[in-house]
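I record what I looked up, entry by entry.

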Amino acid sequence: MFDISKIDYSFILKRYDIAAENNDTPEAIASKMLPKDPVLNKLASVVLYMKLKEIIPTVNEALKTKKPLEIINNGLVAGMEIVSVLYAKHIYYLPEIMMAAKVMEVGISIAEKQIPGGRETKGKVVMHAAEGDPHDIGKNIAAVMMRSSGFTVVDLGKDVAVDEVVAAVKKEKPLFVSGTALMTTTMTAMKDGAAKLQAEGIDIPYMAAGGAVNRDFAESFDLGIYSEKAPQTPPIAEKILKGYDWKKVREEWDSIVGGQ
């Protein structure tokens with residue numbers, strides 16, 4: 001009779017996806033992504049590990065050997081990019097995102113003072129939570145990631161009336177407008193907003209995001225584009241900055257957000 005008592009079932013039943021996830025610690029991911037330069041590495045690490053008390057002396061020390069923009073782009077923002085990866089992998093959550101963003105913003109404010117005329121922005125975006133929707137956590141996270149990527153965010157807040165969104169777009173002239181909805185009863189406000197923008201002759205992309213929204217809905221109306229999760233917003237913004245209209249973003253959406 002066949003003896004099965006010595007069979008090692010761990011090789012048969014092993015979940016390799018779970019085993020891989022167990023190796024996804026902040027330290028393991030950071031070791032692959034942190035800058036090799038020791039000064040930039042320290043700057044990124046202070047952001048990554050949310051060391052608010054260390055950010056001011058660390059930036060001041062870095063300014064002795066590094067240019068302000070290098071400190072911002074290759075140090076502070078590099079740290080925030082790792083935070084974004086940790087958030088996407090569900091290792092970091094909202095408190096870590098917001099605390100890391102605070103550390104980064106303090107560091108950027110110090111470095112910016114050493115740049116004549118201040119840091120240039122890549123472009124402007126208007127963000128809000130849809131009319132009738134009091135939930136703005138997703139919008140806040142996306143806004144942090146947009147700022148860390150070098151964009152100026154005009155944050156209108158939550159439960160923002162459609163007419164207020166249209167007025168802000170006319171005033172600010174952003175690259176695109178982004179709305180979030182966590183309630184299915186409020187997501188149609190984005191469709192209404194896009195229609196009103198078109199009636200005003202404004203043809204910029206209208207990003208629809210949030211737990212209540214899916215890609216089918218976002219692409220069911222003119223101007224509409226989709227962001228499934230906050231880390232996807234900056235790469236989409238970069239394409240719009242390069243001249244992509246809402247139709248082109250839709251066509252290349254999968255390749256744009258791949259890996260985010």
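Which residues of strand 3 point one way, and which the other way? I note before answering that this is a predicted model. Phe176, Ser178 and Thr180 are directed to one side of strand 3, while Val177 and Gly179 are directed to the other, and all are buried.

**Entry 1**

I looked up the burial of strand 3, which covers residues 176-180. With 5 of the 5 residues buried, that is, each under 20% relative accessible area, I describe strand 3 as largely enclosed by the rest of the structure.

I then searched for its pairing partners. Strand 1 (residues 124-129) is joined to strand 3 by 5 bridges, and the two run parallel. Within this pairing I found histidine 128 opposite glycine 179 of strand 3. Strand 4 (residues 206-209) is joined to strand 3 by 4 bridges, again running parallel. Here threonine 180 stands opposite alanine 209 of strand 4.

I checked the side chains of strand 4 as well. Tyr206 and Ala208 point one way from strand 4, Met207 and Ala209 point the other way, and all are buried.

**Entry 2**

Valine 125 has valine 153 of strand 2 as its bridge partner.

**Entry 1: helices lying across the strands**

**Entry 2: helix 4 against helix 6**

I turned to helix packing. Helix 4 (residues 38-48) packs on helix 6 (residues 68-88) at an angle of about 40 degrees, with the axes 8 Å apart. I therefore record helix 4 as oblique to helix 6. The crossing of helix 4 past helix 6 is right-handed. On the helix 4 side I list Leu40, Leu43, Ala44, Val47 and Leu48 in the contact. The helix 6 side includes Glu70, Ile71, Asn74, Gly75 and Leu86. By class, I record 12 nonpolar, 3 polar and 1 charged residues in the contact of helix 4 with helix 6.

**Entry 3: helix 4 against helix 5**

How do helix 4 and helix 5 lie relative to each other, roughly parallel or roughly antiparallel? Their axes come within 10 Å and cross at roughly 160 degrees, helix 5 being residues 52-62. An angle over 145 degrees counts as roughly antiparallel, so I assign helix 4 and helix 5 to that class. Helix 4 passes helix 5 in a left-handed crossing. The contact is formed by Val39, Lys42, Leu43 and Val46 of helix 4 with Glu54, Ile55, Thr58, Val59 and Ala62 of helix 5. I class the residues of this contact as 6 nonpolar, 1 polar and 2 charged. Leu43 is listed in the contact with helix 6 and in the contact with helix 5.

Conventions
Residues numbered from 1 in each chain as written. Predicted model: local features only at pLDDT ≥ 70, side-chain atom pairs only at ≥ 80, totals over all residues. Heavy atoms only, no water. Axes fitted to C-alpha atoms, helices over the stretch in contact; angles between N-to-C directions. Parallel < 35°, antiparallel > 145°, perpendicular 65-115°, else oblique. Left-handed = near helix turned anticlockwise from the far one by under 90°. Contact = heavy atoms within 4.5 Å. Nonpolar A, V, L, I, M, F, W, Y, C, P; charged D, E, K, R; others polar. Buried < 20%, exposed > 50% of the residue type's maximum accessible area, 1.4 Å probe, protein only. Pairing = 2+ DSSP bridges.
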